[in-house]
Amino acid sequence: MYPAAFEYFAPGTVDEVLELLARHGEDAKILAGGQSLIPMMKLRIASPRFLIDVNRIASLTGLRQEGDRLVMGALCRHAEVGRSGLVRLRLPLMADAASQTADVQVRNRGTVGGSLAHADPAGDWPAALLALDTTVTIAGRDGLRTVPLSEFIVDAYTTQLGPIEMVTEISVQLPKAPSGGAYVKFEKRAGDFAVASVGVQVELAEGGQCRSIAISLGALGAMPTRARAAEALLLGRAASPELLTEAGQLVQAEAQPFADTRGSVEYKRHLAGIIFRRAFAAAVDRALGREVETLHV
Amino acid sequence: MKLPVNLSVNGQAYEEEAEPRTLLVHFLRERLGLTGTHVGCVVGECGACSVMVDGALVKSCLMLAVQAHGCEVTTVEGLAQRGKLHPIQEAFVHNFAMQCGFCTPGFLMASHALLERTPNPTEEQIRQDLSSNLCMCTGYVQIVEAVKEAASRLGEWRKTHT
Ligand SMILES: Cc1cc2nc3c(=O)[nH]c(=O)nc-3n(C[C@H](O)[C@H](O)[C@H](O)COP(=O)(O)OP(=O)(O)OC[C@H]3O[C@@H](n4cnc5c(N)ncnc54)[C@H](O)[C@@H]3O)c2cc1C
Ligand code: FES
Ligand code: FES
């Protein structure tokens, strides 16, 4: 199985990428980790005539702290995020997502920028990062622009990226203590895409009330969404078993899954309620300083 | 149009070229004659094609040969030294961790990568990590046992080889 023939470019700067995109338009595609694009090219779902490999652009690599934000270059690999001490300490939700995305080999190549640009409805980064204050920086011919992740993905496999644009950076606010987060993913078999996934990020007040709460849903609709009604219910209140049951029901109501080989609509809704409660419990435990290992379910 | 692919494989330098659409796995097998790396699914699901590129385990069916230009690659042929099996290979033989052997090169490389990062993995870690690779024959039990044994063999081996 070979991809269709293409012309290959490996530019060293973002400007060159934009020039190539301008020259070749819709016939060109950016190659990042290649863990989604190369299979698609082999199956001939995608047959770009010009392939722009961005892996040699040094400015797109690495992750760093900038003030109160974590800034990742678009080429930051899933494995690199999972290994980062800063991520493990301040953003355990992201460490959960990093270690549950695909498998070792795919995590060594696949990039955060590529995952967001690919916008798979069951992708882990789109769902996980939506529970955090995440922005996406896009380079275009008029310079850089930054958009919230919630506006970046507009539909299944669709983003607001224009034809002569690329993702250069992803930036995530470091939550203020005492806060905690967790990302729980239910997979049919190890390393597969999610049947359903839920991210929860909470900040706790003195009395244990949720000072802020974000709940994101993955694989439960055409694109990841926030469970706004459940968030509104929990905001400002301390969680009790009754309240969590009610919040779980709201999460189930807000989920809009479709039936596929991974499960029926009813099954996925049911899962959404259960993994929400697991994610919430892990997030609160972490906010209280307790160590919670990534849940593999 | 062919492009240059200058790389090192198992410590040997090669100056080759490849059509851009050539996958690294096909380049290794057909151009360099290193047929130890197997082609299973070719879509990134089975792990049979796993190799190390610049120290990271990757599926060589999900990388273009031209992307390995300037890289250091290790394939299963790079494990044995001077005709002597690597401790991980010995442990696989000793535990009957293969039947048809199709998946074995991939499992050896995945085990190698795991034990480099985690010299003493728990069974849970072994199972999590190797879930990237599929085996149709063994039912995995012997493979997991082999990796456990390899971990202890490697402890000894490292004392004399580094
Ligand atoms: C066996 C297997 C299992 C997997 N399991 C999971 C899983 O469980 N969860 C999960 O989330 N993912 C999974 N994936 C997908 C994987 O995470 C990919 O790495 C990811 O979806 C895409 O990232 P990439 O860097 O590989 O992008 P590529 O494949 O290189 O590109 C994907 C798309 O994004 C575009 N693109 C890439 N980078 C940019 C950029 N900087 N700017 C603009 N456009 C860009 C490309 O043009 C292309 O259209 C799996 C993949 C495989 C092969
Ligand atoms: S042949 Fe590469 S993963 Fe199956
Ligand atoms: S030994 Fe036959 S596939 Fe693993």
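Chain B is assigned two domains: domain 1 (3-78) and domain 2 (87-161); the bounds come from an automatic or database domain assignment. This is a predicted model, where local features need pLDDT of at least 70, side-chain atom pairs count only at pLDDT 80 or more, and totals for chains, interfaces and linings use all residues. Residues are numbered from 1 along each chain as its sequence is written, chains are lettered from A and ligands numbered from 1 in the order in which they are written, and side-chain values use heavy atoms, with hydrogens and water left out.

**Domain 1 against domain 2, chain B**

- The C-alpha centres of the two domains of chain B lie 21 Å apart.
- Domain 1 of chain B brings 15 residues to the contact and domain 2 of chain B brings 14, contact meaning heavy atoms within 4.5 Å.
- About 1,100 Å² is buried between these domains, and carbon and sulfur atoms give 68% of that. Buried area is the accessible area (1.4 Å probe) that two parts lose on being put together, summed over both.
- B:His38, B:Met52 and B:Val76 supply 39% of the area that domain 1 of chain B buries here, more than any other three residues.
- Three residue pairs are in polar contact, both residues at pLDDT 80 or more. Such a contact is a pair of N or O atoms within 3.5 Å; within protein, one must be able to donate a hydrogen and the other to accept it, and residues adjacent in sequence count only if both atoms are side-chain atoms.
- On the domain 1 side, β3 (50-53) and β4 (56-59) of chain B each supply at least two residues. Strands (E, at least two residues) and helices (H or I, at least four) are DSSP runs, numbered from the N terminus.

**Chain B against chain A**

- 30 residues of chain B are in contact with 30 residues of chain A.
- The buried area is about 2,400 Å², with 58% from carbon and sulfur atoms.
- B:Arg21, B:Leu62 and B:Gln67 supply 27% of the area that chain B buries against chain A, more than any other three residues.
- The chains share two salt bridges. One of them joins the side chains of B:Lys59 and A:Asp103 (2.7 Å, N to O).
- β4(B) gives the most, with four residues.

Note on methods:
A salt bridge is a side-chain nitrogen of Lys or Arg within 4 Å of a carboxyl oxygen of Asp or Glu.
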